[in-house]
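Have the sequence open next to the view as you read.

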Amino acid sequence: DASHAAATPARVAALRAKLASRGLDGLIVPRADRQQNEYVPPSEERLAWLTGFTGSARAAIVLADRAAIFVDGRYTTQVRAEIDTTIFAVEHLADVPPPAWIEANLPKGAKLGYDPWLHTVDGAEKLRTACANVGATLVAAEPNPIDEVWDDRPAPPLGAVGLHDLRFAGEEASSKIARIRAETAKLHADVLVVSDPHAVAWAFNIRGSDVAHTPLPLGFAVIPNEGRPALYVDGRKLSNAVRAVLETQADVREPDAFA
């Protein structure tokens, strides 16, 4: 939305006030959603809402007195056309990645917030190390502070979940789950947590329309070596017929039950 850049000063000010009220000195804002998708639904476009930048490879850090946005070389021109450069300094992801910027800009004793749902384990550890190197602390911030100030945030997507015909899937879901369990056992693990919706869609032979350009139903799954798998997907996306088929393979639960 081209109006986002004009709204940036007020939105950043609101975010900074919220951070201060929660005892945080800053927040790192990735472009990712909970599933680390390449494309994310409008309800997950936190960085675009805050900064106005709409490219796909990006992140930002907002402190009380400065802010930066990190992009790769594809967006050198676009980022400056879309954001308010009086608020956000533009950094190249390769030359000055967020951990390096943190070490150069985060004050000793500061508390940098992050939403643990939006980072990989490896990514969070790099941020934690960078904070520790300057005597600061990385703090899990739940709920996400942006969500608390995003008054007109779109509703989560409710694309209908459909069954992927066996002619195209090539294998029954029950057979796939058996093969998954065999691989999990080889790792001496008891359960597989499936957070990638591509893998969820493949394992249970389902498709959806929650994300642009990719036929994904957003959700999670847990596949234990013994007992029934659990599929966590918003029940409003399921017709009675689809739910009936899925429940022959797994316990169907609401996403809030996943944690």
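Let's start at helix H9, whose buried residues pack against H8, S8, strand S9 (206-207), S10, S11 and helix H10 (240-246). Packing here rests on contacts, meaning heavy atoms within 4.5 Å. Helices (H or I, at least four residues) and strands (E, at least two) are DSSP runs, numbered from the N terminus.

Which residues of H9 are buried? They are Pro197, Val200, Ala201, Ala203 and Phe204, where buried means under 20% relative accessible area with a 1.4 Å probe, protein chains only. As background, an α-helix has 3.6 residues a turn, so residues three or four places apart point the same way.

A word on the model itself. It is predicted, so local features need pLDDT of at least 70 and side-chain atom pairs count only at pLDDT 80 or more, while totals for chains, interfaces and linings use all residues. Residues are numbered from 1 along each chain as its sequence is written, and side-chain values use heavy atoms, with hydrogens and water left out.

Now for the sheet under discussion. It is an open sheet of 4 strands in the order S8-S10-S11-S12, with mixed pairing; two strands pair if DSSP finds at least two bridges between them. Strand S8 (191-194) and strand S12 (251-253) are the edge strands, each pairing on one side only. From one strand to the next, the twist averages 15 degrees. Strands S10 (residues 220-224) and S11 (residues 230-232) run antiparallel and are joined by 3 bridges. Within that pair, alanine 221 has leucine 231 of S11 as its bridge partner.

| Helix | Residues | Strands | Angle to S10 |
|---|---|---|---|
| H8 | residues 173-186 | touches S8 and S10 | about 65 degrees |
| H9 | residues 197-204 | lies across S8, S10 and S11 | about 55 degrees |

Stepping back, the protein chain has 10 helices and 12 strands, and its C-alpha atoms fill a box of roughly 55 × 40 × 35 Å along the principal axes. Of its 259 residues, 46% count as buried. Among contacts in the chain with a separation of 6 or more, 64% come from residues 24 or more positions apart.

Conventions
Buried < 20%, exposed > 50% of the residue type's maximum accessible area, 1.4 Å probe, protein only. Axes fitted to C-alpha atoms, helices over the stretch in contact; angles between N-to-C directions.
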